[in-house]
Amino acid sequence: MKLPIFQIDAFAEKVFAGNPAAVCPLDTWLPDDQMQAIAAENNLAETAFFVPNGTDFDLRWFTPKFEIDLCGHATLASAFVLYEHLAYDRPTITFHTKSGPLKVTQSIDQLSMDFPARPPAQAFAPDDLQQGLDVDPLYVGKSRDYLVRVGSEAEVRACVPIMERIAKLNAVGVIVTAEGEAEGVDFVSRFFAPQAGVPEDPVTGSAHSTLIPFWADILGKNQMVAHQISDRGGILHCVYNQDRVTIAGKAVTFLKGEIMIDG
């Protein structure tokens, strides 16, 4: 059996930047264990699979370790594949997911995703978080992920987590964040998810479902520019709409091909 596959660099204007995601368009769902095996073989932060649902699509995401409930960069990548490679011609795509309907709208130069807001609740920092990060937090909160605010962008850049400790936490991952220092950047972050098979994720759309309401409250503004300062890095244009957030960015194609598997 041959399956189409695309590898897309999301939140990037050129290849080798942003966050790579694999995208596999399907006519019908494969068995879950087969999709998980494909994701493990791809060994990217996420592999997205989608199937048609009328004029909409059902969308699922798999890390190398397990299926995940929300993923930003692979949603952006899936919409990009539909528009760029599969001749989808409606201005907005609706994906039906484990996190409800997600809409992606095409504009002239970027794609805008409508996601649920997941503001953090202040939380106690367990030992594995404190010793795994070795930072001096100004705030610790939790939604799906732990969010740790530190005092400067330099502290975010200098953070060297102990992945074995982070992997023990009861969370998908850990966000480390600070106010931005570069002109035009409101906040910066990094994201670590060794428990998902992703020691550091280059650009994490789903983490911004938590970051956007957090920073909107601190900065007193609803429109912000975020920079995830991993080695590859990525820029996200963010809007806080109370129970929803808008996350916008660009994408480029790195490869397209076929997966050869036993049917």
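# Exercises on a predicted protein model

F16 is found in the loop between β1 and β2 (19-25); helices (H or I, at least four residues) and strands (E, at least two) are DSSP runs, numbered from the N terminus. The model is predicted, so that local features need pLDDT of at least 70 and side-chain atom pairs count only at pLDDT 80 or more, whereas totals for chains, interfaces and linings use all residues. Residues are numbered from 1 along each chain as its sequence is written, and side-chain values use heavy atoms, with hydrogens and water left out.

## Exercise 1: The protein as a whole

Describe the secondary structure, the overall dimensions and the surface of the protein.

*Solution.* 
- Step 1. The protein contains six helices and 18 strands.
- Step 2. Its radius of gyration is 18 Å, close to the 18 Å that the globule rule gives for 263 residues, so the protein is as compact as a globular protein of that length. The radius is taken over C-alpha atoms, and the rule is 2.2 Å times the number of residues to the power 0.38.
- Step 3. Along the principal axes, the C-alpha atoms fill a box of roughly 50 × 40 × 30 Å.
- Step 4. Of the 263 residues, 56% are buried.
- Step 5. The accessible surface is about 11400 Å², and carbon and sulfur atoms account for 49% of this area. Such areas come from the Shrake-Rupley method with a 1.4 Å probe; for residues, only the protein chains shown count as cover.
- Step 6. Consider the contacts (heavy atoms within 4.5 Å). Among those between residues at least 6 apart in sequence, 63% join residues at least 24 apart.

## Exercise 2: Paired strands

Trace how strand β8 pairs with β7 and with β17, and then how β10 pairs with β9 and with β11.

*Solution.* 
- Step 1. Two strands pair if DSSP finds at least two bridges between them.
- Step 2. Four bridges join β7 (residues 100-106) to β8 (residues 111-116) in the antiparallel sense. These strands form a hairpin with four residues between them, and T105 stands opposite S112 in β8.
- Step 3. β8 also runs antiparallel to β17 (residues 244-249), with six bridges. Here L111 has G249 in β17 as its bridge partner.
- Step 4. β9 (residues 121-122) and β10 (residues 139-142) are antiparallel and share two bridges. The partner of A121 in β10 is K142.
- Step 5. β10 pairs with β11 (residues 146-149) over four bridges, again in the antiparallel sense. Three residues join these two strands in a hairpin, and V140 is bridged to V148 in β11.

## Exercise 3: Helix α6 and residue V160

State how many residues of α6 are buried, and decide whether V160 is buried or exposed.

*Solution.* 
- Step 1. In α6 (residues 208-219), nine of the 12 residues are buried, and the helix is mostly covered.
- Step 2. Among these buried residues are H208, L211, F214 and W215.
- Step 3. G220 follows α6 and has a positive phi, near 70 degrees.
- Step 4. V160 lies in the loop between α4 (153-158) and α5 (163-166). At 66% relative accessibility, V160 counts as exposed.
- Step 5. V160 and F11 are 149 residues apart in sequence, and 24 Å apart from C-alpha to C-alpha.

Terms used. Buried < 20%, exposed > 50% of the residue type's maximum accessible area, 1.4 Å probe, protein only.
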